[in-house]
Amino acid sequence: MSGEEEENAAELKIGDEFLKAKCLMNCEVSLILEHKYEQLQQSSDDAMNQVSQVFEKSLQYVKRFSRYKNPDAVRQVREILARYQLAEFELCVLGNLCPETVEEAIAMVPSIKTRGRAQDDEAIEKMLNDLSLIKKFE
Amino acid sequence: MEYSTMFLKVQLPWNVIIAAENLKPGSLMLQRAILIRLLSDFAAKKATKDMGYFLAVTTLDKIGEGKVRQHTGDVLFPVVFNAVTFKIFKGEVLEGVVHKVLKHGVFMRIGPIENAYLSSSKMPGYVYVLGENPYFMNQKMPKIAKDVKVRVVVIGTKWMEAEREFQALVGLEGDYLGPISSPDM
């Protein structure tokens with residue numbers, strides 16, 4: 001991990017799981033883009049504080065579609081989901097959509113049932129309960 | 001279905017070109033010039049068909065040795081950096097916001113995608129209601145109107161080379177899809 005990555009990790013209170021991640025949840029992207037936006041605004045150099053339209057629209061989107069706002073909660077969501085042998089994209093879709101029932105979770109991410117892993121309904125239910133607990137105590 | 005989702009963290013190698021007149025002595029100035037050039041090129045690039053939209057550079061990992069370009073005197077620096085990108089995939093379930101309601105369907109914003117089209121033919125049970133603020137109505141579900149958040153499935157995507165952007169086709173055919181009423185935070 002480079003020095004700058006470490007610095008970012010410390011500032012954003014990012015966990016180890018996130019640093020390895022390739023797919024990001026809306027709430028994680030929200031923290032990254034908001035942080036970047038603040039950095040750019042504080043920069044006195046005009047060349048540094050231009051944000052693109054893509055950046056602005058994306059920031060608007062992730063702020064609106066983040067289920068978790070608190071950086072600790074965001075970190076916990078990934079850590080908890082990481083325990084359940086999910087593929088990265090499955091983890092992100094679940095973290096973004098926060099299904100309330102096992103049925104809904106399977107409808108959103110059918111692959112969690114069909115991959116032949118130990119993902120029975122009980123395990124999925126436990127995972128959803130863990131997620132909703134984070135939300136309660138956010 | 002392609003197994004991926006919207007926001008991705010990627011590591012990319014790029015070439016950054018610094019004009020001869022910007023090559024001042026002192027490595028700190030040079031590093032800064034390279035970073036500024038990278039950020040500028042990154043923002044200007046906007047999107048590619050393969051990688052999707054370019055959102056933000058997160059870290060600059062490596063700056064390689066500069067190579068002088070024969071005819072111009074510019075110097076080319078190979079760099080490696082990390083960035084967040086955005087691309088959506090067929091079969092993916094995600095959420096967006098309606099920004100335009102027409103007779104045959106609605107247009108939604110999903111991330112930086114401005115025009116994700118939800119056709120009325122993909123809105124089972126919904127009928128168009130004419131008026132100053134038109135919307136789509138359903139007996140059993142909340143209405144679909146401007147500024148409503150809707151959960152959809154991606155039916156297809158299209159890369160528009162000239163505009164450097166993606167368009168998408170989305171639908172509501174499937175369980176647990178449709179308008180969502182989570183509190184706006």
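A salt bridge, meaning a side-chain nitrogen of Lys or Arg within 4 Å of a carboxyl oxygen of Asp or Glu, links Glu88(A) to Arg78(A) with an N to O distance of 3.9 Å. This pair connects distant parts of the chain, 10 residues apart: Glu88(A) belongs to helix H6 (residues 88–97) of chain A and Arg78(A) to helix H5 of chain A. Helices (H or I, at least four residues) and strands (E, at least two) are DSSP runs, numbered from the N terminus. Glu88(A) has a relative accessibility of 29% and so counts as partly exposed, whereas Arg78(A), at 4%, is buried. These classes are set by relative accessible area: buried is under 20%, exposed is over 50%, and partly exposed lies in between (1.4 Å probe, protein chains only).

The model is predicted, with local features requiring pLDDT of at least 70, side-chain atom pairs counted only at pLDDT 80 or more, and totals for chains, interfaces and linings using all residues; side-chain values use heavy atoms, with hydrogens and water left out. Residues are numbered from 1 along each chain as its sequence is written, while chains are lettered from A and ligands numbered from 1 in the order in which they are written.

### Salt bridges within chain A and between the chains

Over all chains, the rule gives 16 salt bridges. Arg78(A) also meets the side chain of Glu28(A) in a salt bridge, at 2.5 Å from N to O. Because Arg78(A) lies in helix H5 (residues 71–82) of chain A and Glu28(A) in helix H3 (residues 26–42) of chain A, the pair ties together parts that are 50 residues apart in sequence. Arg78(A) and Glu28(A) are both buried.

A further salt bridge is formed by Glu95(B) and Arg67(A), whose closest N and O atoms are 3.1 Å apart. Glu95(B) is part of strand E6 of chain B and Arg67(A) sits in the loop between helix H4 (53–64) and H5 of chain A, so this pair joins two chains. Both partners are buried: the relative accessible area is 4% for Glu95(B) and 17% for Arg67(A).

### The interface

How many salt bridges does the rule find across the interface of chain B and chain A? There are 3. Glu114(B) and Lys57(A) form a salt bridge, with closest N and O atoms 3.1 Å apart. Contact is defined as heavy atoms within 4.5 Å, and by this rule 45 residues of chain B touch 41 residues of chain A. The size of an interface is often given as the accessible area lost when the parts come together. Here the two chains bury about 3700 Å² between them, of which 61% is on carbon and sulfur atoms; buried area is the accessible area (1.4 Å probe) that two parts lose on being put together, summed over both.

### Chain B as a whole

Chain B contains 1 helix and 13 strands. In order from the N terminus, its elements are β-α-β-β-β-β-β-β-β-β-β-β-β-β. Its radius of gyration is 22 Å, well over the 16 Å that the globule rule gives for 185 residues, so chain B is more spread out than a compact globule. That radius is taken over C-alpha atoms, and the globule rule is 2.2 Å times the number of residues to the power 0.38. Along the principal axes, the C-alpha atoms fill a box of roughly 70 × 35 × 30 Å.

Of the 185 residues of chain B, 47% count as buried. Among contacts in chain B with a separation of 6 or more, 61% come from residues 24 or more positions apart. Chain B exposes about 9700 Å², with carbon and sulfur atoms supplying 54% of it.

In strand E11 (residues 149–160) of chain B, 9 of the 12 residues are buried, so the strand is largely enclosed by the rest of the structure. Two strands pair if DSSP finds at least two bridges between them. The table lists pairings of E11(B).

| Partner of E11(B) | Residues of partner | Sense | Bridges |
|---|---|---|---|
| E6(B) | residues 93–102 | antiparallel | 5 bridges |
| E12(B) | residues 165–171 | antiparallel | 7 bridges |
| E13(B) | residues 178–179 | antiparallel | 2 bridges |

Leu94(B) stands opposite Val152(B) in E11(B), Val150(B) opposite Pro179(B) in E13(B), and Met160(B) opposite Glu165(B) in E12(B). E11(B) and E12(B) form a hairpin with 4 residues between them, and Arg164(B) in the turn has a positive phi of about 55 degrees.

How values were computed
Accessible areas come from the Shrake-Rupley method with a 1.4 Å probe; for residues, only the protein chains shown count as cover.
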